[in-house]
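Here are some friendly notes to read alongside the model. Keep the viewer open and look for each place as you reach it.

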Amino acid sequence: MVVRIPVRPTFSIAVFSLSIVLVLLLSSSSPYFKTPLPSTSQLEGKVIWSLRRMFEWRPCKWWLQGHLTALPAESNGYIRVDCYGGLNQMRRDLCDGVGIARLLNATLVLPKFEVAAYWNESSGFADVFDVDYFIQQMNGFIKVAKELPLEIASKEPFHVDCSKRKGQFDYIESVLPSLLEHRYISITPAMSQRRDRYPQYAKAALCQACYSALRLTSSLEKKASELLEAIPKPFLSLHLRFEPDMVAYSQCEYPNISPGSIKAIKEAQGDRKPWTGELARIWRKRGKCPLTPNETAFILHALSIPTNTNIYLAAGDGVMEIEGLTSTYTNVVTKSSLLSGEDFQSMHGNTKAALDYYVSINSDSYIATYFGNMDKMVAAMRAFKGLDKTLFLSRRAFAELTSQGLKGKELMQALSKAHMDDFVMGRGSALPDCFCEFKL
């Protein structure tokens, strides 16, 4: 039984430029339908995990085995990273902020996790992560201040908002002058930045912060361990995104879902209306539309994932149309179905997301239907731990193949080939900043 808890997504949809639309208008349409599953006897493929990979991602040697550049005796001031959104978005901002602070030769102040009513969230950095462990692990990579000097602590930092800066944004030119002038600043890292231009010591600090220095608090890790222990083994962790907000922001239409789901999506849409006609077909073929649970089950079946597989649903319980998955894959569990007690009921968004993250990086296999902040973090950490059974389902391949009119066994075989090629070649497995591709 799956008990439902709402989950809020955080992402934005890119706007078409007129020239791109005119070119893509020539593309063929793709149908939207509930896809029946062929019988198991019709399929003879190997389970995707049995394939031998040709490439994989591993932590780069320059990070793990390199000699650290000595920290300067004097820093240029103090930087606090202000993090917004869900847990994994804030984690991404923190990683970026550490790299920026090292780049600018600043002392890092413990980050500020912004309270967000939208996310039903009030947890701070110290409520989720072990502060002392973080400081210990960052020793030699960057200076971290647990407490500020009195002359600094008595004032608010000068805020530098880099979040909407795009293009060739240069922190040394744009942020360092403010740091030198005010000595204590807070930053919101830019959404897009050229980390490849960082000196290696700044990149090493970022990598260390992201993958070695963040450990859950002892109480939260205890709860996460209990959850992991309760899941039947072996198991697949599935990050399935099909909540009303997610679908509303995607601007995609799903005419074959239930009236209740359609109503929930309309209530979440606000002024953001779905694409229609040819634009809707183009949008879908570009892989912009979330996979439904029914489509997810169809692809899993195409990959020869047995229908009796134990699946941990790494999501909140606001996922719509979940019966499209559980009618085929019946051994599906969630954190709310496995854990009980007042401590779990009192958890908010960040701490619950931390449970999903912990289980996912320790699962036997991990599959995501999207490629959001959590998926990128989980895939990278699994690569760090040497766990290679990680896969992102391709929305683009599904849309492209269905637009060609493929159905049933023919569609399954085409989907199987597309995903197996990705898995064998190691595509989309990890973040490139800290990981290097190795030929096997």
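1. The expected span of a helix is 1.5 Å times one less than its number of residues. Keep in mind as you go that this is a predicted model. Now try the rule on helix 10, which covers residues 218-230.

2. Which of its residues are buried? They are Leu-220, Lys-223, Ala-224, Leu-227 and Leu-228. Looking down the axis of helix 10, you would find these buried residues within an arc of 140°, so they line one face of the helix. Here is a handy rule to remember: an α-helix has 3.6 residues a turn, so residues three or four places apart point the same way. On the face turned away from the buried side, helix 10 carries the exposed residues Ser-218, Ser-219, Lys-222 and Glu-229.

3. As background, strands of a sheet pair through backbone hydrogen bonds, either parallel or antiparallel.

4. What are the partners of strand 10? Strand 7 (residues 235-239) pairs with strand 10 in the parallel sense over 4 bridges, and Leu-236 has Ser-365 as its bridge partner in strand 10. Strand 11 (residues 390-392) runs parallel to strand 10 and is joined to it by 3 bridges; there, Leu-391 is the bridge partner of Ile-367.

5. On to the rings. A search of the whole structure finds 12 aromatic pairs. One of them is the tilted pair of Trp-63 and Tyr-211, at 6.0 Å centre to centre with 55° between the planes. This pair links distant parts of the chain: Trp-63 belongs to helix 2 (residues 61-64) and Tyr-211 to helix 9 (residues 200-211), 148 residues apart. Are Trp-63 and Tyr-211 buried or exposed? Both are buried. Together with Phe-384 and Phe-435, they form one aromatic cluster.

6. Now find Arg-53, in the loop between helix 1 (18-24) and strand 1 (55-59). Why does Arg-53 count as buried? Buried means under 20% relative accessible area, and Arg-53 counts as buried because its relative accessibility is 6%. The charged end of Arg-53 sits over the ring of Phe-423, 4.4 Å from the ring centre. The side chain of Arg-53 also reaches the backbone oxygen of Phe-423 at 2.9 Å. A polar atom of the Arg-53 side chain lies 2.9 Å from the backbone oxygen of Asp-388 as well. Arg-53 and Asp-388 are 335 residues apart along the chain, yet their C-alpha atoms are separated by 9.1 Å.

7. Finish with Glu-56, which has its place in strand 1. Glu-56 is buried, with a relative accessible area of 17%. Its side chain is joined to that of Arg-58 by a polar contact of 2.7 Å. Arg-58 in turn lies over the face of Phe-438, at 4.9 Å from the ring centre.

Conventions: Residues are numbered from 1 along each chain as its sequence is written. This is a predicted model: local features need pLDDT of at least 70, side-chain atom pairs count only at pLDDT 80 or more; totals for chains, interfaces and linings use all residues. Side-chain values use heavy atoms; hydrogens and water are left out. Helices (H or I, at least four residues) and strands (E, at least two) are DSSP runs, numbered from the N terminus. Buried means under 20% relative accessible area, exposed over 50%, partly exposed in between (1.4 Å probe, protein chains only). The arc is that of the directions from the helix axis to the C-beta atoms. Rings of Phe, Tyr and Trp (its six-membered ring) pair if their centres lie within 6.5 Å; planes under 30 degrees apart count as stacked, over 60 as edge-to-face and the rest as tilted. A charge sits over a ring if NZ of Lys or CZ of Arg is within 6 Å of the ring centre and within 35 degrees of the ring normal. A polar contact is a pair of N or O atoms within 3.5 Å; within protein, one must be able to donate a hydrogen and the other to accept it, and residues adjacent in sequence count only if both atoms are side-chain atoms. Two strands pair if DSSP finds at least two bridges between them.
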